[in-house]
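Please open the model in a viewer and keep a selection tool at hand.

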Amino acid sequence: RVALFADRLAHNSPTRTMASGMRGRWWLFAVCALLAALLLARGAHASGADWDADDDEFMAPQQKSDRLEDATGKVFDAVDKEAEKAAARIRVEERRYAKFKNYPPMFEWRYEGIGLIIITLWFVNFLVGDAKNKKLALAFEDAFCAEDGIFKSQFASVGDIPKKVPPRKGSVLSKEASDEYKIWCSGRRFCQGALITLKLQPRHDLYSAATAFQGRSIPDYCVIECLMNDECVQPGSVFAFGPKDLIENLQGAEGEKDLKKLCQTFVPKRDHGQRVTHKDVVIKAESAELANDVVFTPEVVKVIGESTWVANGLASLVAVHCTDEAPPKFGSPPHPKTLRFHFTMPAEPEKVAGAMADVMNMVPALVDVVGRVQLTPGQREKAAAARQKRKEDDFKEDLKANQKKTSAQILDEKLAKMTPAEKEAWKKKQEKKQMRKSAGKMIKVR
C-alpha cells in the first residue's frame, strides 16, 4: 500500500520530468521496501507465543475467568496428585513398621548396661573363684606334698609331670583347669605311681557360683589313684569300704560290676565279738580274710573305727576301692589294677591339713596291705569260680537282651507292612490274649 501511494504521488506531480521521475520512483521504492521490511520484522517478532496474550486483551471478562479457573484447576490437580502419592507412601511405611510399633528399640542403654554388669560380674567372679581354688590347691600341697609331707616321705619323686603349668614357682601342682589340679608321685614299692587329682568346685563359673548360694553346690574332691603292680593285685583281691549309700552307688555303676557280682558284705569283729568298724560303714570284699586284713590295719581303724568314724572319717572319706578291672581313662594308657581313694576336702584352705591328715596316712598303709596280701589256694579257686559264673551270667543277660531286641525289630517290621485295619485287628487280638492271661484258669465244679 505504501508503494502504490508513493507511485500515485509521483504520477500526479506537475514539475517532474521523465528522468527525475524515474530516479524519484526508484528511491521511493527503496524507502518503502525498507519500511516494509522493518514492519514485517516487528510483526514476526510479535507473532508466535504472544498471540495468546494478545487474545487475552480482547477477551470477554467471563472468558478470562473461565480460562483462569482451568489453569488453577490444573495446578490444584497436580498438587492433589502429589499429596495423594505422599499419603500413599506414608501408609505403606506405616503398614511396614506397624508390627514393630511396640517393640523395644534395637539399642537401649539399660540393656547395654545390664550386659556390661553381667560381663563385669563374670570377670570378677572368674578372678575371685580361680584365686580361691588356687589357694585351696596350694594349701593341700603345703600340707601333704611339702618336704615334711606324707607323699614326699613315701615317694621318691613328687610332681614330675611333663609340660606342667604350676600355679606358682617351684610348685609340684599341675594346673589342668581352674577347677582341676594334678600331682604325680612315683618311686615306691608295690606300685608304679600315684596320681592325685584335686577336683574342686567350679568357683570361676558364674552360674555355679550363683547355685552355690542356693545350697546346690558340689563339694571339693580329692581322688588318689595308685597304679598297682601286676603281681600285687590278683583275682580275689577286690574290696571296697565307705559309707553305705555311697558304696551302693559305687556298685551300681556300670564299670564297677566286680563289687556287685564278686564281693560280699562283711562285718569284721574282734575276739570278744565287738565290731571293728562303725555301723554306717560297709565293708565289701571277695573273702572274709581279705576284709580282716584291710580293716585291722591301724591307719584304717583310725578312720572307720567304731569310735573314730564320726571324728575322723565321716567328713572326708567317700570310698576306697581296689580292683583288677579298672576302666581305661581318656588320654592315658589302660591300667586295670588300681587302688583308688575318694575323699572330700574342706572349703577353707586353713582346715585342709587338720581335716585330711588321717585319711592321707591311710593311703600308703593300704598300698602296703594290698601289696603284701597272700591269697590261699582256696581263695584263688573261689575267685576263679566267681569270675566264671559272672561271665556266664553276663553272656545270658546279653543273649536275652539281644533276643528282645531282635523280636522287637521283627515285630516293628511286621507292623510296618500292615494296613491300619490289620493293625487294629492285631491290637484287639493282643488285648484278648492279655485278658486271658490275667484272668487265670477257671475250675468247673460239678
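**The whole chain.** Begin with the entire chain, which is a predicted model. Of the 446 residues, 33% count as buried. The accessible surface of the chain comes to about 30,300 Å², and carbon and sulfur atoms supply 59% of it. When contacts between residues at least 6 apart in sequence are considered, 67% join residues at least 24 apart.

**Confidence.** Next, colour the chain by pLDDT. The average is 79, and 76% of the residues score at least 70. Select residues 1-6, where pLDDT stays under 50 and the model has five contacts beyond four places in sequence. Then select residues 42-55; pLDDT stays under 50 there too, with three contacts beyond four places in sequence. Where pLDDT is low, the predicted coordinates should not be read in detail.

**Salt bridges.** The model contains 16 salt bridges. Side chains of opposite charge can pair when their charged atoms come close.

Select Asp179 and Lys199, whose closest N and O atoms are 3.7 Å apart in a salt bridge. Asp179 sits in the loop between strand S2 (174-177) and strand S3 (180-186), while Lys199 belongs to strand S4 (residues 191-199), so the pair ties together parts that are 20 residues apart in sequence. Asp179 is buried, at a relative accessible area of 13%, whereas Lys199 is partly exposed, at 36%.

Move to Arg203 and Asp220, whose side chains form a salt bridge with an N to O distance of 2.8 Å. Arg203 lies in the loop between S4 and helix H7 (206-212), and Asp220 in strand S5 (residues 220-228), so this pair connects parts that are 17 residues apart in sequence. Arg203 counts as buried at 10% relative accessibility, and Asp220 is buried with a relative accessible area of 1%.

Which parts of the chain does the pair Glu286 and Arg387 tie together? Select both residues; their side chains meet in a salt bridge at 2.9 Å, N to O. Glu286 is in the loop between strand S8 (281-285) and helix H10 (288-295), and Arg387 is in helix H15 (residues 377-417), so the pair ties together parts that are 101 residues apart in sequence. Both Glu286 and Arg387 are buried.

**Cysteines.** Select the cysteine sulfur atoms. A disulfide is a covalent bond between the sulfur atoms of two cysteines. The count of disulfides in this model is zero. For Cys222, the closest cysteine sulfur is in Cys145 at 8.8 Å, which is too far for a bond. Cys226 is likewise in no disulfide, and the nearest cysteine sulfur, that of Cys191, is 5.7 Å away. Cys222 is buried, with a relative accessible area of 0%; Cys226 is also buried, at 0%.

Val124 is found in helix H5 (residues 109-144). Is Val124 buried or partly exposed? At 43% relative accessibility, Val124 counts as partly exposed.

Key:
Residues are numbered from 1 along each chain as its sequence is written. This is a predicted model: local features need pLDDT of at least 70, side-chain atom pairs count only at pLDDT 80 or more; totals for chains, interfaces and linings use all residues. Side-chain values use heavy atoms; hydrogens and water are left out. Helices (H or I, at least four residues) and strands (E, at least two) are DSSP runs, numbered from the N terminus. Buried means under 20% relative accessible area, exposed over 50%, partly exposed in between (1.4 Å probe, protein chains only). A disulfide is a pair of cysteine sulfur atoms within 2.5 Å. Contact means heavy atoms within 4.5 Å. Accessible areas come from the Shrake-Rupley method with a 1.4 Å probe; for residues, only the protein chains shown count as cover. pLDDT is the predictor's confidence in each residue, from 0 to 100. A salt bridge is a side-chain nitrogen of Lys or Arg within 4 Å of a carboxyl oxygen of Asp or Glu.
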